[in-house]
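Trainee: I am new to this one. Please show me the structure, and then let us go through some questions.

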Amino acid sequence: MKKKGFKAWLYLLPAVIFLGAFMFYPLIDVFVYSFEEGYNSASQTSFGVGGYNFSYVLHDPYFMQALQNTFLLVIITVPLSTGFALLISLGLNSIKPLRNLFQTIYFLPYVTNTLAVGLVFMILFKKTAYTDGLVNAFISIFGGGSVDFIDGPYWAKMFVLCLYTVWIVLPFKVLILTSALASVNEMYYKAARIDGTSKFRMFTKITLPMISPMIFYLVITGFIGAFKAYSDSVALFGTDLNAAGMNTIVGYIYDMLYGDSGGYPSYASAAAIILFVIVLTITVINLMISRKKVHY
Amino acid sequence: MNENNNSATSIKPVKKRKKSFRVTTVLVYIMLSLWALMVLFPFYWMLLTSVKDYGDYSSEYIPQFFTLAPTLDNYAEAFSAVPLGRYFLNTLIFTLITTALMLVVTVPAAFAFSRLEFRGKNLLFTLFLALMMIPNELVIITNFQTITDMGMRNTFSGLILPSVTSVFFIYLLKENFEQIPDELYKAAKVDGTSDFKYLVKVMIPICKPTIITIIILKVIECWNSYIWPRLITDDQAYFLVSNGIQEIRENGFGRENIPAMMAAVVVISLPLIVLFIIFRKKIMEGVSRGGTKG
């Protein structure tokens with residue numbers, strides 16, 4: 001028996017080493033960093049222990065900007081993308097010809113490089129000296145004035161960011177919801193049809209309750225994902241997100257760590273912990289609501 | 001099941017209802033086509049722009065939806081003006097080694113958790129599951145410091161090592177291993193097969209679909225990874241495609257050479273799209289089982 005235990009640990013050794021070094025140790029260390037005041041990465045010394053890093057981050061206007069951007073992004077894109085994904089999945093589920101083709105097309109954004117396709121979005125929306133860009137050309141057909149969506153007003157930049165985020169996250173949601181819809185037992189619909197139930201009532205009384213666990217799963221992962229938005233914003237507005245005013249919380253963490261504004265792992269750690277607390281709170285709230293509303 | 005559905009609706013005798021049914025079907029198709037267009041348009045646009053002549057492109061005040069004189073010059077430019085081939089090779093090396101190491105770590109761990117008995121097994125597994133909840137942002141800061149302190153910035157080891165493990169894959173594979181009946185293991189034991197041989201000859205072949213799934217998910221993740229490589233490399237010789245594209249955007253080609261930029265974007269997007277077209281079913285199945293994004 002003893003020998004067997006030894007062998008098991010041998011099989012586990014690579015995983016334990018990797019997880020220990022790059023997950024477990026960093027997890028403890030990040031809390032240490034966040035309470036060390038005035039940490040200097042060159043000399044690896046700090047003045048003392050306290051909550052100064054947190055107060056610095058919370059009083060940093062760049063962090064406040066990042067916080068505002070992230071919250072706006074979350075509030076706009078999570079309901080929008082989930083609702084829209086539901087609409088598309090219901091559509092997909094009600095047709096038969098071309099269904100596979102549509103499903104394949106819809107999934108494409110999932111396998112593309114966020115930064116690469118972001119560049120295409122940037123070109124479509126950007127206004128330069130020699131062209132207004134395609135989107136502005138469209139707007140002018142309908143008589144609107146041209147707007148620079150990339151370097152222009154805040155709402156325009158936010159609009160592009162939200163649009164791109166929805167475009168990126170939709171494949172996953174459509175995929176999950178389509179399979180959830182397909183797995184609803186046909187018997188329920190048949191019974192309802194015999195009773196002469198209206199389509200709308202069938203949707204609210206059968207479909208929605210049956211797929212509600214999946215919807216809540218998507219809402220929860222959607223919240224978590226949107227709070228961690230970063231690459232999408234870089235793809236559209238470049239690496240200097242503070243200058244563009246489009247930074248996100250995760251972007252703020254990395255800017256503190258590295259780059260022209262970097263070299264402050266303590267501030268980065270404090271910001272990361274703040275982000276973690278926000279995400280955790282939202283997830284717990286979500287779970288509490290889902291316990292009340294979701295039909296299992 | 002769908003056929004049942006169809007026959008049930010076609011039996012319906014009321015004509016009026018059938019007509020409204022047809023109208024909604026048309027509306028559904030219109031909606032689906034519109035979104036398909038929205039999804040495909042950026043791809044069309046990058047392909048189109050990448051074959052437009054630079055001079056032509058610059059003189060279009062209102063962008064044209066097609067070009068009569070397609071050219072491949074931009075692709076030549078993309079490979080010669082910036083080290084696109086280098087970025088490509090780096091990403092390939094990074095993806096292959098990371099995925100291979102991931103398997104070396106994941107498979108034995110899943111095997112130990114599913115098949116072997118040892119003290120502290122439940123405790124360790126609970127710990128692993130707890131790690132699954134930890135967002136990457138929390139650990140990346142220390143990892144950045146660790147790798148920097150070890151002098152592994154701008155090296156492949158620095159890129160690869162922290163990207164290897166995924167607790168979720170261990171969990172997924174363990175669940176799958178546990179579905180293999182105990183009798184097989186006992187029979188193998190009676191025959192004197194060693195644990196390792198049993199793992200390689202029996203468990204891995206049976207669980208091949210799951211293993212392929214995690215390989216595909218890891219490859220997609222590696223090919224698109226941006227944040228860690230950006231932190232850990234500032235030497236162009238070690239850039240991955242994502243960082244390469246960002247570099248191209250900020251400094252390459254001169255800012256205005258959009259067609260060359262789009263050629264680079266096409267080249268970078270192509271491998272995963274080809275992979276997707278070949279393994280469409282496997283990828284979609286894998287993502288619905290274990291993917292997250294969004």
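Mentor: Start with a term: helices are DSSP runs of H or I, at least four residues long, numbered from the N terminus. Keep in mind that this is a predicted model.

Trainee: Is B:Pro83 buried, partly exposed or exposed?
Mentor: Count the other C-beta atoms within 10 Å: there are 17. Buried needs 20 or more, and exposed needs 12 or fewer. So B:Pro83 is partly exposed.

Trainee: How many Å separate the C-alpha atoms of B:Pro83 and B:Leu123?
Mentor: Along the chain, the two are 40 residues apart.

Trainee: How far apart are the C-alpha centres of the two domains of chain B?
Mentor: Domain 1 covers 2-75, and domain 2 covers 83-252. Their C-alpha centres lie apart by 38 Å.

Trainee: Which helix of chain B gives the most to the side that touches chain A?
Mentor: In the contact, 77 residues of chain B meet 81 residues of chain A. One helix of chain B gives the most to that side, with 12 residues. It is α2 (residues 15-50).

Trainee: What is the distance between the end C-alpha atoms of helix α3 of chain A?
Mentor: The helix has 34 residues, 61-94. At 1.5 Å a residue, it should span 50 Å. The model agrees, because its end C-alpha atoms are apart by 49 Å.

Note on methods
Residues numbered from 1 in each chain as written. Chains lettered and ligands numbered in written order. Predicted model: local features only at pLDDT ≥ 70, side-chain atom pairs only at ≥ 80, totals over all residues. Helix = DSSP H or I, 4+ residues; strand = E, 2+ residues; numbered from the N terminus. Expected span 1.5 Å × (residues − 1). Contact = placed C-beta atoms within 7 Å. Domains from an automatic or database assignment.
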